[in-house]
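Reader: I am new to this structure and would like a close look at a single part of it. Please take one place, describe it slowly, and then go on from there to its surroundings in the fold.

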Amino acid sequence: KRKNTYRSAWKAITHWTSPLANLIPIIKSQSSLSQLTKGNIEIAVVSICPIEKPVAKLLLKSQLVPLFTPVKKWLLKSILHAKNEDFSAFSLLKEEINYLHETCTDTHAKVIQRASDIEPGKLNLIISIEGGHSLVNGNTSHDILENLKALKQGPDRVLYFTLTHLAQNALANHAYAMKKVLGKHPAEEAFFPSSTGLSRLGTQVISRMYEEKDGQRIMVDIKHLSLKSRLELYKLRQENNWQDIPLIASHCAVTGFPHAQLPDRILMEGSYVKGRRLALRYRLHPTEEGLTFNPWSINLYDEEITEIINSGGLIGLSLDERILGNNRRRVVTEEEWFYLPEMKKLFPSIEEKITSESQFSLPLANRKRPPHLWFLAHNILHIVKVGGPQAWEHMCLGSDFDGLINPIRGIRHTGKYSKLENSTDSKRRRRGKDLVYALEHLSRREPDLGWPIQNLEQKVRGIMYNNALRFIQQHL
């Protein structure tokens, strides 16, 4: 809107013609309103996330803006050098929510505030917020808590709040993610984890979110929190008898092991300490089909799967091939960065075998290259193995579309959702682009799951729609 130069983030950008655009699916529209409509989406939770200052700085410094995106430089500069509240994160958050409402008036979409507002045949949108920076328009904790109160008492219902995002904020330490976004390590300090667990302000924010005396309850989304932050959250919930409030993992996959096994999964000769940072590489253990999990701590450990299910929560499955574990034939991961003092609190002896930075190249293995969709099925089956049969009812599609992801082949945007569930195209099934077939095929090697899985089509329908609908009917 400002200077008449905004383009709607809710409309697919089809007329932008950078010569590199078609080569980079990470930056193409993936969940615009028109794409949601094409995919027959009836309910969608939309994540509102103002651009973080370190992200604005990185985009300006790296010259990515003119090459890869239609984002205007003036907007990024205004965010980075904001001297008044007009370009504060909280102001941009409110403006984006208002703009979503305006955009919906020109379409068949609507923002709903309660489950009874759901209108069949329409695109029903529910608001969530990503990143604790979204609450900032000043420099004090009082401002953040007051802004949270304003959201809880405002006209728009916020279903859940993701406490952290890509950069460090005042609420909690985050799990390193920028390597997975940009393909190389950014130099900005803010992208590296640099604190320990939840801050005092973070615990206050969580408490206010869960309380209902000053407005509608907002659920906590654990995505992007560091492992220690998540463990402290679970302990806080137990101490305050909040276990019955559902936990959300909005766009995740799994590591494939309990967090206590993390030291055993590390490749010591490829890991190193650099100042107060710890870089860890992990060994991968491919299945016969060549499938692996992504063991980075941004994903869920086995204990957390149980924690979420026991709370009555939801695991939103990411559709990012990297998060799902597609490591492009490698048997060792790229390094994940941690804040060393935080990790030593969890694993006191983790530094003993890691002394200095080593020159290391990622080895390739003669691995099979399974269809991308099989990685999604592989993650689903692991969640069921850990969580039991009830786990089928606690999964939905989280996607992370338009979150700078590399989407799995065949499902590049929400307009393709209708092809995901159970294809009648035999050629598509043979190519592994049918979720029911992928689950049926991979479960043959999982005797603990009781092959053949009963009512598999119904279970997949739950992941596609019914589980999220039931959750919304209970909690919105």
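Author: His224 counts as buried because its relative accessibility is 6%; buried means under 20% relative accessible area, exposed over 50%, and partly exposed in between, with a 1.4 Å probe and protein chains only. The model is a predicted one, in which local features need pLDDT of at least 70 and side-chain atom pairs count only at pLDDT 80 or more, while totals for chains, interfaces and linings use all residues. Residues are numbered from 1 along each chain as its sequence is written, and side-chain values use heavy atoms, with hydrogens and water left out.

His224 lies in the loop between strand S5 (219-221) and helix H9 (227-239). Helices (H or I, at least four residues) and strands (E, at least two) are DSSP runs, numbered from the N terminus. The phi of His224 is positive, about 80°, although His224 is not a glycine. Asn455 is another residue other than glycine with a positive phi, near 55°. Asn455 sits in the loop between helix H16 (435-442) and helix H17 (456-475).

Arg322 belongs to helix H12 (residues 321-324). Arg322 counts as buried because its relative accessibility is 13%. Its side chain makes a polar contact of 2.7 Å with the side chain of Asp320. A polar contact is a pair of N or O atoms within 3.5 Å; within protein, one must be able to donate a hydrogen and the other to accept it, and residues adjacent in sequence count only if both atoms are side-chain atoms.

Next come the strands. Strand S3 (residues 123-130) is mostly covered, with eight of its eight residues buried. In a regular strand the side chains alternate between the two faces of the sheet. From S3, Leu123, Leu125, Ile127 and Ile129 point one way, and Asn124, Ile126, Ser128 and Glu130 point the other way.

S3 pairs with several strands; two strands pair if DSSP finds at least two bridges between them. Strand S1 (residues 43-48) runs parallel to S3 over six bridges, and Ser47 stands opposite Ser128. Strand S2 (residues 109-111) is joined to S3 by three bridges, also in parallel, with Ala109 as the partner of Leu123. Strand S4 (residues 158-162) pairs with S3 in the parallel sense over three bridges, and Glu130 has Thr162 as its bridge partner there.

Strand S6 (residues 248-252) is largely enclosed by the rest of the structure, because five of its five residues are buried.

Elsewhere, three strands form an open antiparallel sheet in the order S7-S8-S10. Strand S7 (272-274) and strand S10 (336-339) are the edge strands, each pairing on one side only. S7 pairs with strand S8 (residues 277-280) over three bridges, and Tyr272 has Ala279 as its bridge partner.
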